[in-house]
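I opened my notebook to get to know a new structure. Here is what I looked up, entry by entry.

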Amino acid sequence: MKSEQLDGPKDTEEDKELKNILNEKQHKTVKQTTYLVIPFALQTDYVSALEKLCASTYTKRSGQKAKLWKEKKFSRQRLFAHISNLIDRKASEKNESIGTRLVLEESAKPSFGLPNNRNINLIFTPDKENFNFSIGNVELYLFETQVGFVVFDILYKEHENINNIILSNYYLKKIYQYKDNLRFLKKTGRDQQVEVNVSLYSLIEAFLSEVQVETYFEDVKQHPSHAIVYSSALLESDFRKEKNYNKQLLNYLFQMRKSFKDTYDAPPSEYEIDGHNEIIQLFENSFWGVSLEGAAHIAYLKDNEADIFFKDTHTKNVREVYFYLYILALHQHYTLQYFSTLVSRLPANLDDYLETKKNSRKSVENLRSRMVFFTLRCAFKQVSHISHQTSLYEMFRRALRIEELMDELHLEIEALSSITEIEETRKSKKIQNIILYVTTFFILISTTNDSMGITTFIDTSHWPSNKLITPWVAGTMWTLIAGGSFYLIIQLLIRRK
């Protein structure tokens, strides 16, 4: 799908030639990372879900039962202490943790129809294309907000062409649409093989079969349908020796962070880094791009001492530290979406709320409590002692519209508080009315008792004309009592309205 420009200057011959060069160039990667991230939200509460997942087992070849998942920490470089412990249930201060990272045991993969060796290639054939890769770690992240992520580590062969990676990821993200296009050859004998189909969306549902999933945020027929792509490519040093290599890099970055293929032309604004909200340059040869569809990183070697750092330490940081920060930002983004979904399920108006007030009140109080604790425990703005890590995290949050979603959350909390205040006001008014009813009742009884005492006193006194006075006094008093009672009843009815 070519982008259409209704306004503005048309492409010059030079621009067209440049686009052809960008699309035709084939550049190999020295290192690469691709994570497919599938978000979900559970109905099952966090503690129960974690207990069930940690208790899940599979059967080994020996017939013995073994744990399906193992907990694993991230490699965390100079992050704030409390940030380092956010996804670590076994941290020294257990209350610091807001989530857990689970990794599927390698030997458990065949139980789900995956190859038992990560060196075995899968064959992916969407739209008559042909790609090869293997699957590394399969990970499951679960947070106390009941939001989580399934992550597949996609391993392309060494020195894979970056164009092939970009195109493959474009199709891979559509995990439901191309569910029948992934398979591998399983050896069944010395010279025999059988073709085994693999469905990523079916794997996700199998991994979460022990818990109840409420939404995949983007689902088709209640199945997970789309993945977010987190990708990185380190290019060879020859890349920077080419003419217009900088535009080529930014064109790759556009396609990678959007999970587009090369038929999607980048607009002119993509080639201007200054002031770009979705691109950040952390080093001379290292660029990041982030969008709602994914996050991408591109770097290239320079034939100097820094190459060792980029091949080893930096590549590891991209796979661990930066991905950890990205998961924290994704968790905020999808939890805020999830809260909005829960708010939309509340009664449509106050009368409906009051009609089902017992269940509604419980839902409102629970939801407001979850929102407040999320704000306190999960919505961090600062994460690291290292400035470029902080800058990248800030861009993650900015691209995912976290602050805008947080503003909506605060409005929702205020609205929920208003509902509670209205209910408390009505409840207080009812209590006041009850007190008034009781007080009026006792006043009437007391007044009646006093009037009867006065009448009896007059009737039994030694006044000469007491027999004549008594009826007039009693009549007057009973008339006043009746009139006062009628007036009080009318006032009570008015107050009740």
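Is F283 buried, partly exposed or exposed? I looked it up in this predicted model, and F283 is partly exposed, with a relative accessible area of 27%. Buried would need under 20% and exposed over 50%, so 27% falls in between. I then turned to the ring of F283, which pairs with that of F309. Their centres are 6.3 Å apart and their planes stand at 75 degrees, so I wrote the pair down as edge-to-face. F283 belongs to strand β15, residues 279-283, and F309 to helix α7, residues 306-311. The pair therefore ties together parts that are 26 residues apart in sequence. F309 is partly exposed too, at 33% relative accessibility.

How many aromatic pairs does the structure hold? I noted 32 of them.

The charged end of K179 is over the ring of Y176, 4.2 Å from the ring centre. I found K247 over the face of Y271, where the distance to the ring centre is 5.7 Å.

How many salt bridges does a search of the whole structure find? It finds 15. I started with E195 and R183, whose side chains meet in a salt bridge at 3.1 Å, N to O. E195 is in strand β10, residues 193-197, while R183 is in strand β9, residues 182-187, so I was looking at a link between distant parts of the chain, 12 residues apart. E195 counts as partly exposed, at 49% relative accessibility.

My next stop was E278, which forms a salt bridge with R257; their closest N and O atoms are 3.1 Å apart. E278 lies in the loop between α6 (245-258) and β15, and R257 lies in helix α6, so this pair ties together parts 21 residues apart in sequence. I noted E278 as buried, with a relative accessible area of 14%, and R257 as buried, with 0%.

Which other residue did I find in a salt bridge with E278? It is K258, and the closest N and O atoms of this pair are 3.6 Å apart. K258 lies in helix α6, so its pairing with E278 in the loop ties together parts that are 20 residues apart in sequence. Both K258 and E278 are buried.

Which residues form a nonpolar patch on the surface? I listed V372, F373 and L376, which together have about 300 Å² of accessible area. V372 has its place in helix α11, residues 357-377. At 35% relative accessibility, V372 counts as partly exposed.

Terms used. Residues are numbered from 1 along each chain as its sequence is written. This is a predicted model: local features need pLDDT of at least 70, side-chain atom pairs count only at pLDDT 80 or more; totals for chains, interfaces and linings use all residues. Side-chain values use heavy atoms; hydrogens and water are left out. Rings of Phe, Tyr and Trp (its six-membered ring) pair if their centres lie within 6.5 Å; planes under 30 degrees apart count as stacked, over 60 as edge-to-face and the rest as tilted. Helices (H or I, at least four residues) and strands (E, at least two) are DSSP runs, numbered from the N terminus. Buried means under 20% relative accessible area, exposed over 50%, partly exposed in between (1.4 Å probe, protein chains only). A charge sits over a ring if NZ of Lys or CZ of Arg is within 6 Å of the ring centre and within 35 degrees of the ring normal. Patches are made of residues with over 30% relative accessible area and no salt bridge: like charges are joined within 9 Å, nonpolar side chains (Val, Leu, Ile, Met, Phe, Trp, Tyr) within 5 Å. Accessible areas come from the Shrake-Rupley method with a 1.4 Å probe; for residues, only the protein chains shown count as cover. A salt bridge is a side-chain nitrogen of Lys or Arg within 4 Å of a carboxyl oxygen of Asp or Glu.
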